[in-house]
Amino acid sequence: MYTIQTLQSGRSDVNGLTMPVVWHPQMQKASVFTQQATRLWGGQVNWRTATAYDATRAIIQGLEKARTRSELQATLRNPDFSTMGAGEVVKFLPTGDRSSHPILVQVRSTKAKYDFVPINPQ
């Protein structure tokens, strides 16, 4: 649902829709990554880019301590493991799920178009 297609297809029907997301370019901690990535790639950065960056950072950091897939998995699940991601520190729960702090965004009409706007950005 957190896609441009939702905004383009839904327009006024999704106006006011509120949802939790793991990343938004206006998050305070995401601003440096957003600025650098936008400058490098010449376009907007979305949550897929940010989470792919986070996954890559975690794998790189994990491979510094692990040589096999199972060692990498154990390294990432270690409670002491962390690495800085696009917007926040990347850590994993013992289940393997990412430990994150989602923020709320709401679809709002802005300048004759609809956009995802953070509610109380961090």
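**Note on the cavity, the sheets and the helix faces**

1. Val-22, Trp-23, Thr-51, Asp-54, Gly-87, Glu-88 and Arg-98 line the largest cavity. On a 1 Å grid over the protein atoms alone, a cavity is a set of points where a 1.4 Å probe fits but cannot get out, and lining residues have an atom within 4 Å of a point. The space inside is about 30 Å³. Volume here is the space filled by probe spheres set on the points, with grid points joined across faces, edges and corners. A search of the whole structure gives 1 cavity of 30 Å³ or more. The lining of this largest cavity comprises 2 nonpolar, 2 polar and 3 charged residues. Asp, Glu, Lys and Arg count as charged, Ala, Val, Leu, Ile, Met, Phe, Trp, Tyr, Cys and Pro as nonpolar, and the others, Gly among them, as polar.

2. On the basis of the note: this is a predicted model, in which local features need pLDDT of at least 70, side-chain atom pairs count only at pLDDT 80 or more, and totals for chains, interfaces and linings use all residues. Residues are numbered from 1 along each chain as its sequence is written, and side-chain values use heavy atoms, with hydrogens and water left out.

3. Asp-54 deserves a separate point. Asp-54 sits in helix H3. Helices (H or I, at least four residues) and strands (E, at least two) are DSSP runs, numbered from the N terminus. The relative accessible area of Asp-54 is 4%, so this residue is buried. Buried means under 20% relative accessible area, exposed over 50%, and partly exposed in between (1.4 Å probe, protein chains only). Not counting residues up to four places away in sequence, Asp-54 touches Gly-85, Ala-86, Val-90 and Arg-98. Contact means heavy atoms within 4.5 Å. Asp-54 and Ser-99 lie 12 Å apart in space, C-alpha to C-alpha, and 45 residues apart in sequence.

4. Now the open sheet. Its 3 strands run in the order S2-S3-S4, with antiparallel pairing. Strands S2 (83–84) and S4 (98–99) are at the edges with a single partner strand each, so one side of each has no neighbour in the sheet. Two strands pair if DSSP finds at least two bridges between them. S3 (residues 89–92) and S4 are joined in the antiparallel sense by 2 bridges. Lys-91 is opposite Ser-99 in S4.

5. Met-19 and Val-21 form the covered face of S1, while Thr-18 and Pro-20 form the uncovered one.

6. Which residues of helix H2 are buried? Phe-33, Thr-34 and Ala-37 are. Seen down the axis of H2, these buried residues fall within an arc of 95 degrees, so they line one face of the helix. The arc is that of the directions from the helix axis to the C-beta atoms. H3 is included in what covers them. The face turned away from the buried side of H2 carries the exposed residues Val-32, Gln-35 and Arg-39.

7. In helix H4 (residues 69–77), the buried residues are Leu-72, Thr-75 and Leu-76. Their arc around the axis is only 95 degrees, which puts them on the same side of H4. Their cover includes helix H3 (47–63) and S3.

8. Arg-11 has a phi near 40 degrees, a positive value in a residue other than glycine. Arg-11 lies in the loop between helix H1 (4–10) and strand S1 (18–21). Its relative accessible area is 43%, so Arg-11 is partly exposed.

9. Last, the largest pocket. A pocket is an open set of points with protein on both sides within 12 Å along at least five of seven lines. The largest one holds about 630 Å³ of space. It is lined by 21 residues, and the closest to its centre are Ile-4, Leu-7, Gln-44, Asp-115 and Phe-116. H1, helix H2 (31–41), H3 and strand S6 (113–119) each give two or more residues to the lining. That lining divides into 8 nonpolar, 9 polar and 4 charged residues.
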